Amino acid sequence: MSMDVTFLGTGSAYPSPCRGASALVFRTDGECWLFDCGEGTQTQFMKSPLKASRITKIFITHLHGDHMFGLPGLLCTVSLQAGSNPSKQHVDIYGPVGLRNFIRMSLEISHSQLVFPYSVHELVPSEDQCPAEEFKDLSRYGGQNNLASEENTLYADPSDGTYKLFENEQFVVQAFKLYHRIPSFGFVIAEKDRPGKLNANKLKELGIQPGPIYGKLKLGSSVTLENGQTIHPSVVLGDPVPGRKVCILGDCSGVISSGATKLCQDANLLIHEATLDDDQMDKAKEHGHSTPKMAAEFANSCYAKKLVLTHFSQRFKPLGKITEEEDDMAILKTQAESFLKGQDVYLAKDFLTITIPTIKAD
């Protein structure tokens, strides 16, 4: 199954002529999910080979404008393009408490009606996710009693501060708390392990010929032969093939959930903000942001295989567009590499696509 991530916007604070506001798309066979939707995201879609109409899930890391101001417009554009098409899928939207009210008020005030159904599932933050003076109790907006049957208010597991958002046949998607100027979250997409390779020699020894029985065993079902013998999958299957894992962190200057490192353990791809360089670490922390060293330290703690830095200050221009008065963003990669333990590190740029290769069975 193919799996990739495409960055639509990699800048902080606001979109610029050379870098869009925060947005990225995660794709697998049959799935297209959007993470953050800063101003201008729909324009970025139009400049890319991606199609916004295929989005079935949207995840918003936090409620700062550069991560969500593009959402009402994107939803309306998708609705216009869908027209009266009844095949447009239901869209599930996940984000902090307050997101549901923002979407509904934006659509109501602008007299916008969507032709497709959507649900907003809100994560309840905690006061330790931001400075005390910045924390706002938004639970009064769209309270539990007003929820549609398909919507949820999601609470953290008290044991480790993580959230389980949903699970299907392919993935388990969870979230964890981050520290920022307002409550922020990280998301983990964990592909489920796949069954190991069938041992053809063992099957022949058992007198089983190629056919439907092979398929049942491969899917993990036990089968009973005509002679009454029951064959369990564990007898003829190799070790399970580990699933892939992608971790996407919102703006932060640290991780709050104690279970975050475990959730991100052995991530194939870790996407972490690095708004400023290490020489400006005090300034970064003051504003709830990270530097390359901070991103690398978290990558080391969870043994991530590949680190991608994003959400760059506008003072850093894309490589190849540097003038004497501007900072060279290549330093961000160098600084991260100096603290990593051999992992690959990349600087995100608009329209960069990173493929997460399928793990082969032994």
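Author: Start with pairing: two strands pair if DSSP finds at least two bridges between them. Strands (E, at least two residues) and helices (H or I, at least four) are DSSP runs, numbered from the N terminus. This is a predicted model, where local features need pLDDT of at least 70, side-chain atom pairs count only at pLDDT 80 or more, and totals for chains, interfaces and linings use all residues. Residues are numbered from 1 along each chain as its sequence is written, and side-chain values use heavy atoms, with hydrogens and water left out.

Reader: In which sense do strand 13 and strand 15 pair?

Author: Strand 13 covers residues 245–249. Val246 stands opposite Leu269 in strand 15. Three bridges join the two strands, and the sense is parallel.

Reader: Which residue in strand 16 is the bridge partner of His272?

Author: Strand 15 also pairs with strand 16 (residues 306–310), in the parallel sense over four bridges. In strand 16, the partner of His272 is Leu309.

Reader: Is strand 15 mostly covered or mostly uncovered?

Author: Buried means under 20% relative accessible area, exposed over 50%, and partly exposed in between (1.4 Å probe, protein chains only). Leu269, Ile271 and Glu273 point one way, Leu270 and His272 the other, and all are buried. With five of its five residues buried, strand 15 (residues 269–273) is mostly covered.

Reader: How many salt bridges does a search of the whole structure find?

Author: Side chains of opposite charge can pair when their charged atoms come close. Here a salt bridge is a side-chain nitrogen of Lys or Arg within 4 Å of a carboxyl oxygen of Asp or Glu. For the whole structure, the search gives nine.

Reader: How far apart are the closest N and O atoms of Arg27 and Asp4?

Author: The two form a salt bridge. Arg27 lies in strand 2 (residues 23–28) and Asp4 in strand 1 (residues 3–9), so the pair ties together parts 23 residues apart in sequence. Arg27 counts as partly exposed at 31% relative accessibility, while Asp4 counts as buried at 12%. Their closest N and O atoms are apart by 3.1 Å.

Reader: Which residues do salt bridges that share partners join into one network with Arg100?

Author: Arg100 forms a salt bridge with Glu122. Arg100 lies in helix 4 (residues 99–109) and Glu122 in strand 6 (residues 118–123), so the pair ties together parts 22 residues apart in sequence. Through shared partners, salt bridges join Arg100 into one network with Arg104, Glu122 and Glu151.
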